[in-house]
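Hi,

Here is the structure I promised to pass on.

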Amino acid sequence: MLLLFGVAYFLSLFFRTVNAILATRLETDLGLDAASLGLLTAAYFLGLGLTQIPIGLCLDAYGPRRVQAVLLLVAAIGIGAFGLFESVPLLVAARALIGIGLAGCLVAAYQASSLWVAPERAPLANGLYLAVGGLGVLAATTPVEFMMQFMSWREMFLFIAAGTALIAVAIAMVTPDPATQEPTSWAKRISGLAVVTRNEEFRRYLPLTALCFGTGTAMQGLWASTWLRDVAGYDSSAVAWSLTAMAVALTVGSAAGGVASVFAERMGFHLKHVVLGNAVLFIAAEIGILLAPLSIAPAFWILFALTYNAVTLSYAHVARSQPIAFVGRSNTLMNTAVILTTFALQYGLGLFLSRASQGFPEKAYSIAIATLMMLQICAIAWCCWPLLKRRS
């Protein structure tokens, strides 16, 4: 059962990043500029973000089996439509539908681990989910480039649509339903969202998670490839291998974050220390990308990918501070802000770069990365301020 939820999250991250390797083909086949490519790619995050709260309410009401199975069928329809549609507006709509269908993958997996994994092992399970998602990012790099030798990107989408439908059926068949709860009105369920937002840990860790994950995903999912092409001067093969290395780093970093959380707590530390440590390393990677010679910049892109996904272990940290009946809503409220931030960053970067990078791509990328880095530093200060205030 847990493996099937992991495969679903694999698909979520595959589609989150596959446009990075397909960028040149999409630009050529569809006649896209940077802004249009950014919108087409970011539409996934718009669908993903706008459905998070309804999904959280449904997860707490119906459990992950029913919710995830239905959503994956929606995703299969969107993936198939993306492979068939010709016009850009319809492709944007199909990409948004894919986002809606894959919107519950992470939070449903987190809820499954909350329901059926021992509490002390839930962070490890969540870290392994993130690692499987990293494999989805890996599959969206060199393997896709290899597959393009034998099929078109449209044929690939149709093939994956069929597989997604099969996973939906498998989840519906093997996943148990949670224990029956007392009937609760929808008005009461919705009012429970306020309980989540008043939680101190939720308010402290949300900005940091949204900015780190949003920046990391927007870059690795699309703009890292154009940076490697336009700033570092890499050809398509070198870009593909660099993205592959980043995907491996994402997978390793996600699994390592889950394992580190177990060892950290055995040594008297807390999950929040793992989250903050990864955020600091992520910012250090951005500094390296900005200041290091281009010859060693790929090493900092690997550190970049190694660390940002592990920051989302904050979901487990925040969920621990919530009553179990509110975990679904807690995770999806976090995800709403995180995913909509990712949409804004990915599309916003496209708008900025399409105007500012004409003739000076290195300067435009530096301004964008430095701005996001400063916001992340402010978010770390917001997380640590109550602790520093108590010590003073």
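Predicted model: local features only at pLDDT ≥ 70, side-chain atom pairs only at ≥ 80, totals over all residues.

Let's begin with the core. The largest nonpolar core has 123 residues, and the members that touch the most others are Phe 15, Val 18, Leu 22 and Phe 157. Helix 11 (residues 200-230) gives this core its largest share, 15 residues. As background, nonpolar side chains in soluble globular proteins tend to be buried together.

Next, the aromatic rings. Searching the whole structure gives 15 aromatic pairs. One of them is Tyr 110 with Tyr 315, an edge-to-face pair with 5.7 Å between the centres and 75° between the planes. Tyr 110 sits in helix 6 (residues 105-116) and Tyr 315 in helix 15 (residues 314-320), so to speak a link between distant parts of the chain, 205 residues apart. Both of these tyrosines, Tyr 110 and Tyr 315, are buried.

Phe 282 and Phe 304 also pair up: their ring centres are 4.7 Å apart and their planes meet at 45°, so this pair counts as tilted. Because Phe 282 is in helix 13 (residues 271-291) and Phe 304 is in helix 14 (residues 297-308), the pair ties together parts 22 residues apart in sequence. Phe 282 is buried at 0% relative accessibility, and Phe 304 is buried too, at 2%. Ring pairs also join Phe 282 and Phe 304 with Phe 213, Trp 227, Trp 301 and Tyr 308 in a cluster.

Now for the charges. There are eight salt bridges in the structure. In one of them, Glu 145 meets Arg 25 at 3.4 Å, N to O. That bridge links helix 8 (residues 142-147), which holds Glu 145, to helix 1 (residues 2-30), which holds Arg 25, across 120 residues.

Which residues form a salt bridge with Asp 177? Arg 65 does, with the closest N and O atoms 3.2 Å apart, and so does Arg 66, at 3.6 Å. Asp 177 lies in the loop between helix 9 and helix 10, while Arg 66 is in helix 4.

Last stop, the surface. Leu 84, Phe 85, Leu 90 and Leu 158 make a nonpolar patch there, with about 340 Å² of accessible area together. Leu 90, which belongs to helix 5 (residues 88-101), is partly exposed at 41% relative accessible area.

Cheers

Note on methods
Residues numbered from 1 in each chain as written. Heavy atoms only, no water. Patch = residues over 30% accessible without salt bridge, like charges linked within 9 Å, V, L, I, M, F, W, Y side chains within 5 Å. Areas by Shrake-Rupley, 256 points an atom, 1.4 Å probe, with all protein chains shown as cover. Salt bridge = Lys/Arg side-chain N within 4 Å of Asp/Glu carboxyl O. Helix = DSSP H or I, 4+ residues; strand = E, 2+ residues; numbered from the N terminus. Buried < 20%, exposed > 50% of the residue type's maximum accessible area, 1.4 Å probe, protein only. Core = buried A, V, L, I, M, F, W, Y, C linked by side-chain atoms within 4.5 Å. Phe/Tyr/Trp six-rings, centres within 6.5 Å; stacked < 30°, edge-to-face > 60°.
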